[in-house]
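Biologist: Hi! Could you walk me through this model before I start setting things up?

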Amino acid sequence: MKNIGIMAGASVIALIAGQAAAQDAFVLDEIVVDGGILPSEASRTGATVEVVDGDELSDLSLDTATALDALPGVSFSSNGGLGTTSGLRIRGLGSSYIGVTVDGIDITDPAGTQTGFDFGTFITPGVDRITVLKGPQSAVAGASAVGGSVDITTWRPEELGFSGEARAEAGSFDTYLGSVSLGYLDAQTELAFTLTNVSTEGFSARDSDTEADGFDQVGMNLSVSHRFSDTVLLGFSAFRYDGVAEFDRSTSDETGELDKVQTGARIFAEFDAGGIVHELAYSRSETDRLDPGAFTFSFLGEREKLEYKGTAELGNATLAFGGDWIEESALVLDTLSTTDSDITKAGLFGEVQYRASDDLDLAFTLRYDDHSEFGGQLSGRAALAWQVGDDVTIRAAAGTGYRPPSLNELFGPFGANPNLTPEQARGLELGVERRFDRGFARATLFYNEIDDLITFSGGYVQLPGTTVTQGVELSGEYMVSDRVTLFGTYTFTDAATEDAGLVRVPRHDALLGVSADITDALSGSVSVQHISDLLDFTAFPDTGPLDDYTLANASISYDVTDRVEAYARVENLFDEQYQTVRGYNASDRAVYVGLRAAF
């Protein structure tokens, strides 16, 4: 806790002395975020929520994980370029601790060695908004979300009638992208469809050879809803991502090729009755991975979910309550055997948001799960937001959660241990936000602990003792003028189990940048990010430091017309040689140019 105290002092100084600010400071109260089961205004939620829209993501990278890496408290590691395995971390906790949904559909893979989502094949075009909720969120987003959750919303029309967007991009490593979105919107109906195609020759995933590892993928998203009356709304969403990624199986085998198909669909109905807004939904998702050259060559993960949520206004309080039923299954094939496993979870949940006064908001969330292997599990969260005057908000949250072992960890085929029990997690955070005439600054202290962490050591085992991730997040922006904005983030993370540091978690992650409207039509941005004190495996299970690195990125765009924009993006501007996973390459300097058009 000594390090947290030191960083807390630094954060207070930054808030008092720094006029760090934000371009959205003037509309903060109008932003609605999913900080819990119920949505709320960003300024009135006690949770730590980051929201990134699609335009911001596109300016950063095609790779979603790389783009989200710019957020405080978020980091990533990748086994190569686009299409290779990429893991996201929130406050030091990796993909198996993060819930991920696309248009309300859980897209994590039950057939993975640990249930999680691989961001390596998920690209930014066609994404309208990504919401990152930090801290233990089992009560809000389901069992495994003890590190946080990522909610992805695909493109939606904003203009009445028919509208659309198109994008074409080309760049380094023979990378080509085409994307088109079509939609219709009126008072009763919303229809959206997006088709994307990306192809890249890539670069060698491993640093032991120079053979390029390419990636090709076609993605489709569909969303439709119709309001039949003032009280009845029906909707449907679906996606399909079909891609092939090359990879290096080992330092002596360059022939890996993974065919991956992800599909999902969700149907829902909302209706008002008895003073309550009712929502019923059914969803199904599937991740099918085929690796024809491997001993274990086929992985099929499936999930079905049936859910109900009721919402009622009770004076100064809003109540949400409901339940869900989930079945997850995994079918894994190798040349000698078949592993077929499944579990079910039935849950009940409730949340109360209470506006105690114009300056104080409270939220309490409780969830009970009945797991087919482990019985009853209880998770909770409490949060508050206190407006101290017109320009200061104090936020605090405390939560508990659990991560049940994955199907593979329990039943195999890789390292199964049927004696594993759920990890138990607890977390606290305390934040302050100061708004200025030209922006704001934020600081958040966080502390998370997990008992009996599951790890791999010749098989899956549980570490004795408590794993702790703790630190501080700083972020802010300052409008130097009507045309120039400075922005920056810094995260200090101390992540360890019994003084043994967790791998691939940067202790220091700092980013500084400037964006400018050079003319009415020309704009650009430059950012520099420094990552230091990173551990990774050497000879497993031994660990050692990875080299620190500094990355610079730049982008520029020009409004050809009020509907057509030309842009260019340079990633790794100074051609830094670095790795986020030992033995695996990261991108050299890369240049991409493109056109975006709205119609």
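Modeller: Happy to. Let's begin with a salt bridge: Arg 249 pairs with Asp 291, and their closest N and O atoms are 2.7 Å apart. Keep in mind that this is a predicted model.

Biologist: Where do Arg 249 and Asp 291 sit?

Modeller: Arg 249 is in the loop between β14 and β15, while Asp 291 is in the loop between β16 (276–290) and β17 (296–314), so the pair ties together parts that are 42 residues apart in sequence.

Biologist: And is Arg 249 buried or partly exposed?

Modeller: Arg 249 counts as partly exposed because its relative accessibility is 22%, and the cut-off for buried is under 20%. Asp 291 has 9% relative accessibility, so Asp 291 counts as buried.

Biologist: How many salt bridges does a search of the whole structure find?

Modeller: The search finds 40. Among them is Lys 260 with Asp 118, where the closest N and O atoms are 3.7 Å apart. That pair links distant parts of the chain, with Lys 260 in strand β15 (residues 256–273) and Asp 118 in the loop between β7 (105–106) and β8 (127–134), 142 residues apart. Both Lys 260 and Asp 118 are buried.

Biologist: What about Arg 403?

Modeller: Arg 403 forms a salt bridge with Glu 423, with 3.3 Å between the closest N and O atoms. Arg 403 belongs to strand β22 (residues 392–403) and Glu 423 to strand β23 (residues 423–436), 20 residues apart. Arg 403 is buried, and Glu 423 is too.

Biologist: Which residues are linked in a network of salt bridges?

Modeller: Glu 50, Arg 91, Lys 134, Glu 429 and Glu 473 are linked that way.

Biologist: Nice. Switching to cavities, how many are there of 30 Å³ or more?

Modeller: The count is nine. The largest cavity holds about 630 Å³ of space.

Biologist: What lines the largest cavity?

Modeller: The lining has 38 residues, and Ser 61, Asp 63, Thr 66, Glu 571 and Ser 587 lie nearest the centre of the cavity. Elements giving two or more residues to this lining include α3 (64–68), β12 (189–203) and β35 (564–571). By residue type, the lining divides into 16 nonpolar, 16 polar and six charged.

Biologist: Then which residues other than glycine have a positive phi?

Modeller: Arg 504 is one of them, with phi near 60°, in the loop between β29 (500–501) and β30 (508–517). Asp 575 has phi near 55° and is found in the loop between β35 and β36 (590–598). At 30% relative accessibility, Asp 575 counts as partly exposed.

Biologist: Last topic: which residues form the nonpolar patch on the surface?

Modeller: Phe 236, Ile 267, Tyr 282, Leu 306 and Trp 325 form that patch, with about 460 Å² of accessible area together. Phe 236 is in strand β14 (residues 232–247) and counts as partly exposed, at 32% relative accessibility.

Definitions and conventions. Residues are numbered from 1 along each chain as its sequence is written. This is a predicted model: local features need pLDDT of at least 70, side-chain atom pairs count only at pLDDT 80 or more; totals for chains, interfaces and linings use all residues. Side-chain values use heavy atoms; hydrogens and water are left out. Patches are made of residues with over 30% relative accessible area and no salt bridge: like charges are joined within 9 Å, nonpolar side chains (Val, Leu, Ile, Met, Phe, Trp, Tyr) within 5 Å. Accessible areas come from the Shrake-Rupley method with a 1.4 Å probe; for residues, only the protein chains shown count as cover. A salt bridge is a side-chain nitrogen of Lys or Arg within 4 Å of a carboxyl oxygen of Asp or Glu. Helices (H or I, at least four residues) and strands (E, at least two) are DSSP runs, numbered from the N terminus. Buried means under 20% relative accessible area, exposed over 50%, partly exposed in between (1.4 Å probe, protein chains only). On a 1 Å grid over the protein atoms alone, a cavity is a set of points where a 1.4 Å probe fits but cannot get out, and a pocket is an open set with protein on both sides within 12 Å along at least five of seven lines; lining residues have an atom within 4 Å of a point. Grid points are joined across faces, edges and corners, and a volume is the space filled by probe spheres set on the points. Ala, Val, Leu, Ile, Met, Phe, Trp, Tyr, Cys and Pro count as nonpolar, Asp, Glu, Lys and Arg as charged, and the others, Gly among them, as polar.
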